[in-house]
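Follow along with the model on your own screen if you like.

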Amino acid sequence: MARHNIVFGRDQAVQQGAHTAPSFGRSASSGPAPGTQWSTGFDQAGAAAGTAAGYAQGGDQLESMYARPAATGHDTGRMTMRDALNAITATLGTIVVIGFVVAVMPYVLGAVAGEDGLMIGLALTGVAAVVGLIGGLVLALVNSFKKTPSPILVLAYAAFEGLALGGISGSLEQVYPGIAMQAVVGTLVVAGVVLVAFRFGVLRTTPRLTKIFGIAMIAYMGLLLVNLVLSLITGAGFLTGALGLLIGGIAVVMASYSLVMDFEDVQRAESAGAPRVYAWRCAFGLAVTMVWLYIEVLRILAILRGND
């Protein structure tokens, strides 16, 4: 117990149990026995050395803290550009892979089973297109109104869109050979030009342009709805020929502006330190725009090829 006492802990006499009361004949000026500390219980030189050691240790700790690398967004759970690129790659990759498999299905079955296999493949692409369009529409609405992004739902949306695009492309390939590859190249060229222009600051959104875009989007959706109803009633729509090319060109411009909005959303989410899961919200928005752009380019090419 004595060694933990702040007053007597360092007194050798106390530690050894050899405490002796002073005799009456001893001079008052006589100090404590050699090697003992009656009042303070600690050596001033030792205390100074301990304080210096403590400062040195504290300095070493501070230096090691400053030497540590700064915490990244990945360490803090914040979204980084890498997270956004990973989510975008996974989403678009799912669309491309599934779309490619569905699109080549008629060719593969035709090579294996001849004409019957080709007809079966075309039937399967038609079913895939219908299932993909319905499932993609439902999951697009779910992902749009869901407060917290879900990677599973975003990838499921990508899978259905792959079915839809693969089915549509595979069917058109039988009428216009090579049109699917032309549409892919055209889509990548438009998206690449928009991305480069955005990186150099040439393309940016403004409140006025965004308002115009919203109005044009409502008008465009209404036009598509009217065309769909007319097609179901009469068997033919009016978005063909010169009018179809004009509407398709306007739609490509609108999709390009939507890409700029998607790129800005990624930048804002990263700058604001959004949670990492919001990278999938950015990937979903970009995938919707890319699907829209591909369909418009494919439709323009079909009109041009049909006029040959």
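**Entry 1: Ser256**

I began with Ser256, which is buried, at a relative accessible area of 15%. Buried here means under 20% relative accessible area, exposed means over 50%, and partly exposed lies in between, with a 1.4 Å probe and protein chains only. I found Ser256 in helix H9. Leaving out residues up to four places away in sequence, I see Ser256 touching Val190 and Val194. Contact means heavy atoms within 4.5 Å.

A note on ground rules: this is a predicted model, where local features need pLDDT of at least 70 and side-chain atom pairs count only at pLDDT 80 or more, while totals for chains, interfaces and linings use all residues. Residues are numbered from 1 along each chain as its sequence is written, and side-chain values use heavy atoms, with hydrogens and water left out.

**Entry 2: the whole chain**

I stepped back and counted ten helices and zero strands in the protein chain. Helices (H or I, at least four residues) and strands (E, at least two) are DSSP runs, numbered from the N terminus. Of the 308 residues in the chain, 32% count as buried. I also looked at contacts between residues at least 6 apart in sequence, and 78% of them join residues at least 24 apart.

**Entry 3: H7 against H9**

The axes of H7 and H9 come within 10 Å and cross at roughly 50°. Axes are lines fitted to C-alpha atoms, for helices over the stretch in contact, and angles run from 0 to 180 degrees between N-to-C directions. That angle makes H7 oblique to H9. For the wording, angles under 35 degrees count as roughly parallel, over 145 as roughly antiparallel, 65 to 115 as roughly perpendicular, and the rest as oblique.

I noted a right-handed crossing for H7 and H9. A crossing is right-handed if the near helix is turned clockwise from the far one by less than a right angle, and left-handed if anticlockwise.

Which residues make the contact of H7 and H9? From H7 I listed Val190, Ala191, Val194, Leu195 and Phe198, and from H9 Val252, Ser256, Leu259, Val260, Phe263, Glu264 and Gln267. The residues of this contact of H7 with H9 divide into nine nonpolar, two polar and one charged. In that sorting Ala, Val, Leu, Ile, Met, Phe, Trp, Tyr, Cys and Pro are nonpolar, Asp, Glu, Lys and Arg are charged, and the others, Gly among them, are polar.

**Entry 4: the nonpolar core**

I then asked which residues touch the most other members of the largest nonpolar core. They are Tyr157, Leu259 and Trp292, in a core of 50 residues. A nonpolar core is a set of buried Ala, Val, Leu, Ile, Met, Phe, Trp, Tyr and Cys residues joined through side-chain atoms within 4.5 Å. H10 gives the largest share of this core, 17 residues.

Leu259 turned up in the previous entry, too, on the H9 side of the contact with H7. Setting aside neighbours within four places in sequence, I find Leu259 in contact with Ala191, Val194, Leu286, Thr289, Met290 and Leu293.

**Entry 5: H8 against H10**

H8 passes H10 in a left-handed crossing.

Are Met79 and Pro177 buried or exposed? Met79 is buried, with a relative accessible area of 3%, whereas Pro177 is exposed at 56%.

Met79 sits in the loop between helix H3 (73-76) and H4. Beyond residues up to four places away in sequence, Met79 touches several residues, including Ala84, Val266, Tyr278 and Cys282. Met79 and Ser271 are 192 residues apart in sequence, yet 8.8 Å apart in space, C-alpha to C-alpha.

Pro177 lies in the loop between H6 and H7.
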